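Dear colleague,

Please find the structure below, handed over for your own work. A summary of the findings follows it.

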Amino acid sequence: MVKVLIAGGAGYIGSTIASAGLDAGITPVILDNLVRGRREFTQGRTFYEGDIADGALVDRIFSEHPEISAVVHCAALIVVP
Ligand SMILES: NC(=O)c1ccc[n+]([C@@H]2O[C@H](COP(=O)([O-])OP(=O)(O)OC[C@H]3O[C@@H](n4cnc5c(N)ncnc54)[C@H](O)[C@@H]3O)[C@@H](O)[C@H]2O)c1
């Protein structure tokens with residue numbers, strides 16, 4: 001099984017990439033702190049709620065999903081104010 005970690009995967013771009021991955025037979029693993037993302041975008045998907053700066057959590061995700069072969073980084077604060 002091919003897995004891809006998608007940071008910011010509960011956001012607009014990240015959740016769309018997750019859907020495209022699923023269509024292509026790639027299992028998304030989502031990491032998002034939900035500061036802007038939407039929980040419903042993670043429904044039925046492997047989801048870790050937390051911050052990309054939480055190294056212990058990132059280590060745990062990789063140890064629990066050794067099949068992860070790539071990371072797509074979409075976590076961002078896109079609204080300047
Ligand atoms: N929306 C567009 O049209 C567009 C176009 C080109 C590029 N981009 C880029 O794509 C990226 C994502 O944009 P978007 O529109 O999906 O934004 P978005 O706000 O919908 O998604 C960003 C996600 O990142 C999460 N996040 C923010 N900080 C985090 C952190 N520290 N740890 C974990 N998760 C965190 C948010 O909760 C959110 O779910 C940005 O870099 C943006 O500049 C967006």
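The notes below go from the overall fold to one residue, Thr 42.

This is a predicted model, in which local features need pLDDT of at least 70 and side-chain atom pairs count only at pLDDT 80 or more, while totals for chains, interfaces and linings use all residues. Residues are numbered from 1 along each chain as its sequence is written, and side-chain values use heavy atoms, leaving out hydrogens and water.

The protein has two helices and four strands, in the order β-α-β-β-α-β from the N terminus. Both kinds of element are DSSP runs numbered from the N terminus (helices: H or I, at least four residues; strands: E, at least two). The C-alpha trace spans about 40 × 30 × 20 Å along its principal axes. Of the 81 residues, 33% are buried, that is, under 20% relative accessible area with a 1.4 Å probe, protein chains only. Where contacts (heavy atoms within 4.5 Å) link residues at least 6 apart in sequence, 50% of them join residues at least 24 apart.

Thr 42 sits in the loop between β2 (27–32) and β3 (46–49). Its relative accessible area is 6%, so Thr 42 is buried. Beyond its neighbours within four places in sequence, Thr 42 is in contact with Ala 10, Ile 30 and Phe 47.

Technical notes. Buried < 20%, exposed > 50% of the residue type's maximum accessible area, 1.4 Å probe, protein only.
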